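Colleague: I have some questions about how the terms are used for this model. Let us go through them one by one.

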Amino acid sequence: MSVSPFQLVAGISTAWIVKSLLQKYLAVKATESQLRVCPGGSTVLLHPFYTLALVLGPYFPFEGYMGHYFAKFSLFQKFGSTCLSSATFWNAVPTFWLSDADAIKTVHAGRATFPKEVEAYETINIYGPNMVGTEGAEWKRHRHVANSAFNETNNAFVWRETIRVVDEWFAEIDNAEPTSTGEIPVDLLTDLTQVALLVIASAGFGRRVSFKEDLNTDPPPGHKLAFRPAVTATLHHVITKAVIPKFIWNLSDRVYLPLITPLLTDCRESFAELGFHMHEVIASARDLIASGKTATMDAALLRNLVQANMGDDVADTNKHLTDDDLLSNTFTLTEFLFPQTFLLAGHETSAHSLCFAIVLMALYPDIQELVYQEACQLWPDGIPSPATPTPYKESMASLEYTLAVFNETLRLFPPVARLGKKVEADTTLPARRFDTNAEGKISNVEKYDVALKAGSFVVIDIRALHFNPIHWGDDAEEFKPARFIDTDNYRWPRDAFNAFSGGPRSCIGQRFSLTESACILAHVVRKYEVCIPEALKNKPWDEQKKIMLHWTPGITITPNNARVTFRRRPSY
């Protein structure tokens with residue numbers, strides 16, 4: 001019986017696939033002894049931090065399976081442990097998922113034992129190494145350069161610039177046509193993304209543009225895209241750049257591929273255009289520094305980065321940034337200034353968190369009223385103007401409940417759902433076993449140790465940590481900002497709050513974010529009543545909540561339906 005070449009190739013290919021799958025299966029089975037140290041023992045098909053897992057996040061893994069983005073604390077509760085085990089199928093890596101504050105604190109503190117998996121952050125190393133995508137001495141160098149820019153003087157500047165940008169945003173809102181009920185529809189995601197970008201562009205990089213000017217999307221001379229469209233397009237194409245294999249990029253240069261070639265052309269153009277804009281910002285800063293005018297630069301962060309690039313002492317690696325370092329850090333900082341150092345935390349992430357906070361106040365008018373009363377005490381005669389801003393320190397000290405609202409929002413909707421760390425040496429982590437009674441409440445909590453082998457991987461499951469009733473109480477699912485206010489008999493659990501990460505690599509821009517966000521929330525509620533959009537007012541409250549708070553996982557979690565209406569307060 002003759003065999004055709006096609007049948008031969010198909011047979012060899014099938015045998016190779018079967019052999020490969022069998023080898024991987026046996027490798028996963030070999031990890032079982034390591035996985036028995038805690039409950040779980042499941043197999044995860046995709047590495048939880050590589051690009052494909054982010055792309056498929058909204059759909060896969062399915063509900064009830066390890067790695068499901070919307071699981072909160074449910075899987076940990078199912079297995080009765082704050083540490084769960086799994087193995088990644090494609091590389092047979094024992095993986096341990098953590099929702100225990102003590103274990104996570106240990107991981108954050110042990111940088112030598114639990115280094116960051118920098119390979120998972122290749123997506124943002126587009127222009128070169130940066131603070132987010134590095135570890136060890138390289139990370140220390142980037143952090144050292146930027147660190148001094150984040151101080152109270154800069155936070156005061158952030159406060160003033162936020163007041164300016166919000167005042168300009170409100171002017172656009174007030175010019176909009178209200179509905180028949182006197183309410184003004186607001187697309188929070190669109191507006192707050194622009195607000196947050198203007199604040200970081202000014203306070204971080206000295207690019208001071210008005211809200212109205214920024215609405216103009218006509219490209220300036222020599223550009224194909226204006227600054228904001230270039231930023232938006234770049235963010236849109238980050239995953240594209242990471243997912244498409246290099247050979248497809250190379251093939252697209254030679255052959256027109258329907259759908260793919262236009263996509264890749266747009267991707268290249270967006271990154272090139274943003275690079276041009278950043279080069280202009282950097283060149284302007286270089287001119288000021290070279291001419292001895294650094295005192296006129298309010299943007300301390302850009303000043304530090306450019307000075308480190310221009311410094312003569314190249315041998316001092318703690319103080320010098322190469323041209324690639326400078327460009328890459330500027331890109332990363334522009335995109336992501338918020339939690340988890342600068343990744344997943346910049347203008348986009350800050351805007352997303354503010355969207356959730358304002359939507360929550362529309363859904364919880366009693367909480368919105370408390371923020372309003374606090375803002376009225378701070379500004380009895382109305383919100384301050386850019387010409388007469390209120391002092392930063394005194395104002396922030398008066399916004400305790402407003403900050404609690406924002407922190408509670410971050411607890412329920414952390415910008416980054418999980419973090420990953422490698423295990424470089426044999427070690428142990430503390431964890432807790434527990435029972436769940438008929439009412440769904442946790443009881444019989446006892447501590448135990450989990451032994452980890454070098455070569456393993458740990459996942460800091462931030463959402464599960466934030467919904468862990470052992471740390472946050474039986475009402476952990478509820479929106480209760482008061483849980484973030486200390487009293488004589490209560491101190492909120494700092495170690496169980498990881499919205500800004502933790503340990504030495506915690507967010508360098510945390511105060512920047514809190515200052516900007518508290519200022520925006522207080523301004524919004526002082527001038528407007530935030531209301532449910534007209535289209536949802538006749539729906540049950542649970543359905544309103546489900547629709548308005550719906551989100552999609554990805555590099556950061558993104559709100560899908562952040563739309564509300566603003567109604568002017570009587571005094572306005």
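Predicted model: local features only at pLDDT ≥ 70, side-chain atom pairs only at ≥ 80, totals over all residues.

Colleague: How much space lies in the largest pocket?

Modeller: About 810 Å³.

Colleague: Why is it called a pocket and not a cavity?

Modeller: A pocket is an open set of points, whereas in a cavity the probe fits but cannot get out. The space of about 810 Å³ is listed as a pocket, so by that rule it is open.

Colleague: How many cavities of 30 Å³ or more are there?

Modeller: The count comes to eight. The second largest cavity has a volume of about 80 Å³.

Colleague: What makes Trp97 and Arg418 part of the lining of the second largest cavity?

Modeller: A lining residue needs an atom within 4 Å of a point. Trp97 and Arg418 are both on the list, so each meets that cut-off. Others on the list include Val44, His47, Phe60 and Tyr69.

Colleague: Now the sheet. What is the strand order?

Modeller: The order is E1-E2-E3-E8-E5, in an open sheet with mixed pairing.

Colleague: Why are E1 and E5 called edge strands?

Modeller: Strand E1 (40-44) and strand E5 (418-422) each pair on one side only. The twist averages 25° from one strand to the next.

Colleague: How do you know that E3 and E8 pair?

Modeller: Pairing takes at least two bridges. Strand E3 (residues 93-98) and strand E8 (residues 457-461) have four, in the parallel sense. Thr95 stands opposite Phe457 in E8. Helix H5 (residues 101-109) packs on the sheet and touches E3, E5 and E8. Its direction makes about 120° with that of E8.

Colleague: What makes the largest nonpolar core a core?

Modeller: Its members must be buried nonpolar residues joined through side-chain atoms within 4.5 Å. This core has 136 residues. Among those with the most contacts inside it are Trp169, Leu188 and Ile358.

Colleague: Which residues does Ile358 contact, leaving aside neighbours within four places in sequence?

Modeller: Leu188, Leu192, Leu521, Val524, Val530, Val564 and Phe566. A second, separate core has seven residues, including Val238, Trp249, Leu257 and Leu264.

Notes: Residues numbered from 1 in each chain as written. Heavy atoms only, no water. Buried < 20%, exposed > 50% of the residue type's maximum accessible area, 1.4 Å probe, protein only. Contact = heavy atoms within 4.5 Å. Helix = DSSP H or I, 4+ residues; strand = E, 2+ residues; numbered from the N terminus. Axes fitted to C-alpha atoms, helices over the stretch in contact; angles between N-to-C directions. 1 Å grid on protein atoms, 1.4 Å probe; cavity = no way out; pocket = protein on both sides within 12 Å on 5 of 7 lines; lining within 4 Å. Points joined across faces, edges and corners; volume = space filled by probe spheres on them.
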